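User: Hi! Could you walk me through the pockets in this model?
Analyst: Happy to, here it is.
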Amino acid sequence: MTVRALLPTWADWKPALRSPGSDLLAGVLVALVALPLALGFGISSGLGAAAGLATAIVAGTAAAVFGGSRFQVSGPTGAMTVVLLPIVSEHGGPGVLAVGLMAGAILIVLAVAGVGRAVRYMPAPVIEGFTAGIAVVIALQQFPSALGIGDAEGEKMWQLAADAVGHYLDRPDPAPVVTALLVAAAVLIGGRYLPKLPFALVAVAVATAVAELAGLDLARIGALPAGLPAPSLGFLDPGRLGALVAPALAVAALAALESLLSATAADAMSVGTRHNPDRELFGQGLANIAAPLFGGVPATGAIARTAVNVRSGARTRLAALTHAVVLAALLYLAAPVVADIPLAALAGVLLATTVRMVETASLTAIARASRGDAAIMVITFAATVVFDLVTAVAVGVGIAVLLALRAVAREAHLQELPLDDTDHLAEEHELLRDHIVAYRINGPLFFAAAHRFLLELADVTDVHVVILRMSHITALDTTGALVLEDAITKLHHRNITVLFAGLREDHHRRLTALDALPAADHLFAHTDDAIAYARDHLPAPART
């Protein structure tokens with residue numbers, strides 16, 4: 001795919017300029033919802049509230065202009081913070097910025113390579129498992145702020161939360177806990193009955209005002225710069241880039257997956273729209289290249305903000321762009337006010353977000369679907385909480401692939417005559433008297449099924465001719481072809497002739513390349529021809 005095909009066109013913006021009212025209103029509403037989330041996720045990522053705002057503004061602008069979805073709203077997300085914290089711990093803030101830029105470049109390569117459609121192959125149990133796991137991890141991240149503990153330590157989030165609880169029990173303070181729980185309750189209850197109103201912002205504003213009036217000793221966000229910093233590449237250290245390749249690949253994979261899933265969800269919530277997955281990757285790539293230049297963390301499409309955008313009446317990408325512009329205005333004009341927001345209030349917003357992330361109906365449906373799907377989901381969930389997101393996805397997909405291969409391999413089997421409605425029992429008995437047996441190979445003959453196929457075929461006894469009907473083989477890989485050759489060789493050693501009927505052209509080419517075909521005069525287009533040949537060439541003693 002060419003870069004030109006991934007660039008925005010006039011058609012993207014023409015409807016917005018013709019009737020911008022609904023998009024402008026939707027953008028303002030999304031910005032009010034996004035402000036506390038950007039602040040909270042910036043803090044959770046380890047780079048601070050200013051980094052979260054910079055990400056929402058810069059990445060939100062780039063993705064809105066260059067992305068492949070009309071409705072996608074991009075910025076810092078909870079899933080990304082889960083991946084970023086270990087990077088911050090090992091490589092520091094500059095390492096995170098470098099990883100974001102490298103991940104952006106990887107996303108652009110993926111877009112040009114046209115791999116955006118690969119997300120459709122992600123198993124649903126894996127998606128639900130890591131989504132629920134991310135929700136738990138984000139909730140655990142909020143324990144120190146919600147408990148008013150500033151010196152909690154722990155390599156993993158569950159360790160950090162446990163340490164925060166231990167510190168809190170030593171010096172309990174109800175103010176931050178009450179603040180976080182009341183904000184979370186307000187966001188959840190308000191969002192349930194009046195989903196279009198920015199209850200997160202309202203709850204945070206009220207909590208900030210009450211804390212000021214009551215003189216509560218709550219930890220605050222602290223001073224914010226009155227605007228975006230000048231763009232800079234000072235964070236790049238060429239000597240350390242090699243050590244950042246693996247984290248960059250992980251960030252790029254998560255950004256691609258989360259953004260494409262969010263864009264797919266936006267399509268489902270709207271009517272008659274479909275995003276361009278490769279262009280979406282391209283837009284997210286540019287967003288992640290631009291954000292670190294201004295001190296922002298890696299970004300993805302954000303499903304919560306995208307859903308608000310769609311439900312607020314957005315029609316074009318102008319809404320997402322408006323959201324970024326409004327956030328920029330708030331940063332430049334209201335930085336001192338934002339600096340006074342209690343961390344416990346932001347923790348409450350994020351706790352409410354984790355509750356909304358978990359789709360109980362989907363989890364229940366997958367758990368009931370099959371034991372295999374339930375196991376994949378539970379293992380992915382546990383790995384996300386205990387280890388990290390990348391490990392969880394790798395393990396979940398690996399198990400899903402193994403279970404899928406096992407299920408597909410079971411479809412491959414030998415079926416003896418009679419094989420269809422034209423076959424009759426008398427004809428079958430006549431073939432057996434002539435020491436001829438015909439089998440149809442059903443399903444895929446590939447590495448996962450080949451060994452069992454060889455065992456089945458090797459059990460053939462008391463025959464002189466085996467006719468293999470090949471037309472129902474759905475797939476044949478190199479392992480299957482070699483096993484087929486091995487089975488033919490073993491039958492030949494027992495003086496059993498093997499005939500092929502109905503061999504597909506593509507399978508013929510593969511078997512020819514591997515020198516795995518029987519003699520040319522043992523290949524037939526139809527089973528009847530193979531049976532006739534077998535009867536004409538049987539040794540005389542076989543006819544009883």
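This is a predicted model: local features need pLDDT of at least 70, side-chain atom pairs count only at pLDDT 80 or more; totals for chains, interfaces and linings use all residues.
User: What volume does the largest pocket have?
Analyst: About 1500 Å³. A pocket here is an open set of points on a 1 Å grid over the protein atoms alone, where a 1.4 Å probe fits, with protein on both sides within 12 Å along at least five of seven lines. The volume is the space filled by probe spheres set on the points, joined across faces, edges and corners.
User: Which residues are the closest to its centre?
Analyst: I303, A304, R356, M357 and E359, out of 44 lining residues (those with an atom within 4 Å of a point).
User: And which element gives the most to that lining?
Analyst: That's α10, with 7 residues. Helices are DSSP runs of H or I, at least four residues long, numbered from the N terminus.
User: What about the second largest pocket, what's its volume?
Analyst: About 610 Å³. Its lining has 30 residues, with P144, S145, I149, G150 and L343 nearest the centre.
User: Which element gives the most there?
Analyst: α14, with 5 residues.

Methods:
Residues are numbered from 1 along each chain as its sequence is written. Side-chain values use heavy atoms; hydrogens and water are left out. Helices (H or I, at least four residues) and strands (E, at least two) are DSSP runs, numbered from the N terminus.
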